[in-house]
Amino acid sequence: MKRQFGEYQQYFQSHFDQWGLTKTECEVGSLILSGISLREIADLRGTSETTTRQQALSLYKKASVEGRHELAAYFLENLLIAAQGSSKPSAQSGS
């Protein structure tokens, strides 16, 4: 399971790099994708909630998404597509 988490982090980071996110935006993005609220992210990072909100908005703009739900949906959709592409169709019995 730990290996899979690392693979997901690399997958997220590759997109973050493509979008040109700053180190801070990458941190905020990873925490958002972990399901942590902006208030909790601010507390964890020792910043104000307003600052964290601005960093999240900047991330969303660079990623061309409207918010945390669309960001999560983007990654989920792409992971599902990748999973479907890597699985081979099974042979149907009786053919």
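Analyst: Let's start with a term we will need: a helix crossing is left-handed if the near helix is turned anticlockwise from the far one by less than a right angle, and right-handed if clockwise. Keep that in mind while we look at this model, which is predicted.

User: What percentage of the residues in the protein chain is buried?

Analyst: Buried here means under 20% relative accessible area. Of the 95 residues in the protein chain, 28% are buried.

User: And among contacts between residues at least 6 apart in sequence, what percentage joins residues at least 24 apart?

Analyst: That share is 51% in the protein chain.

User: Now to the crossing. At what angle do the axes of α2 and α3 cross, and within what distance do they come?

Analyst: Helix α2 covers residues 23-33 and helix α3 covers residues 38-45; their axes come within 10 Å and cross at roughly 130°. That angle makes α2 oblique to α3. With the opening definition in hand, you can look for the handedness: α2 passes α3 in a right-handed crossing. On the α2 side, the contact is made by Thr24, Glu27, Val28, Leu31 and Ile32, and on the α3 side by Leu38, Ile41, Leu44 and Arg45.

User: Which residues of α2 are buried?

Analyst: The buried residues in α2 are Glu25, Cys26, Val28, Gly29, Ser30, Leu31 and Ile32. Val28, Leu31 and Ile32 are also among the residues that make the contact with α3. Just after α2, glycine 35 takes a positive phi of about 90°.

User: Let me pick serine 30. Why does serine 30 count as buried?

Analyst: Serine 30 counts as buried because its relative accessibility is 16%, and the cut-off is under 20%. This serine sits in helix α2. If you leave aside neighbours within four places in sequence, serine 30 is in contact with Gln9 and Phe16.

User: On to α4. What span should its 15 residues have, and how far apart are its end C-alpha atoms?

Analyst: The expected span is 1.5 Å times one less than the number of residues. For α4, residues 49-63, that should give 21 Å, and the end C-alpha atoms are 21 Å apart, so the two agree.

User: Which residues of α4 are buried, and which exposed residues does the opposite face carry?

Analyst: The buried ones are Thr52, Gln55, Ala56, Leu59, Tyr60 and Ala63. They cover an arc of only 140° around the axis, so they lie on the same side of α4. The face turned away from this buried side carries the exposed residues Thr50, Gln54 and Lys61.

User: What happens just after α4 at serine 64?

Analyst: Serine 64 takes a positive phi of about 60° there. This is a positive value in a residue other than glycine. Serine 64 lies in the loop between α4 and α5 (68-86). With 61% relative accessibility, serine 64 counts as exposed.

User: Now α5. What does glutamate 70 touch?

Analyst: Glutamate 70, in helix α5, touches Ser64 and Val65, leaving out residues up to four places away in sequence. Its relative accessible area is 36%, so glutamate 70 is partly exposed. Glutamate 70 and tyrosine 60 are 10 residues apart in sequence, and their C-alpha atoms are 8.9 Å apart in space.

User: And where is tyrosine 74, and which residues is it in contact with?

Analyst: Tyrosine 74 also lies in helix α5. Apart from neighbours within four places in sequence, tyrosine 74 is in contact with His15 and Trp19. Tyrosine 74 is partly exposed, with a relative accessible area of 29%.

Notes
Residues are numbered from 1 along each chain as its sequence is written. This is a predicted model: local features need pLDDT of at least 70, side-chain atom pairs count only at pLDDT 80 or more; totals for chains, interfaces and linings use all residues. Side-chain values use heavy atoms; hydrogens and water are left out. Helices (H or I, at least four residues) and strands (E, at least two) are DSSP runs, numbered from the N terminus. Buried means under 20% relative accessible area, exposed over 50%, partly exposed in between (1.4 Å probe, protein chains only). The arc is that of the directions from the helix axis to the C-beta atoms. Axes are lines fitted to C-alpha atoms, for helices over the stretch in contact, and angles run from 0 to 180 degrees between N-to-C directions. Angles under 35 degrees count as roughly parallel, over 145 as roughly antiparallel, 65 to 115 as roughly perpendicular and the rest as oblique. Contact means heavy atoms within 4.5 Å.
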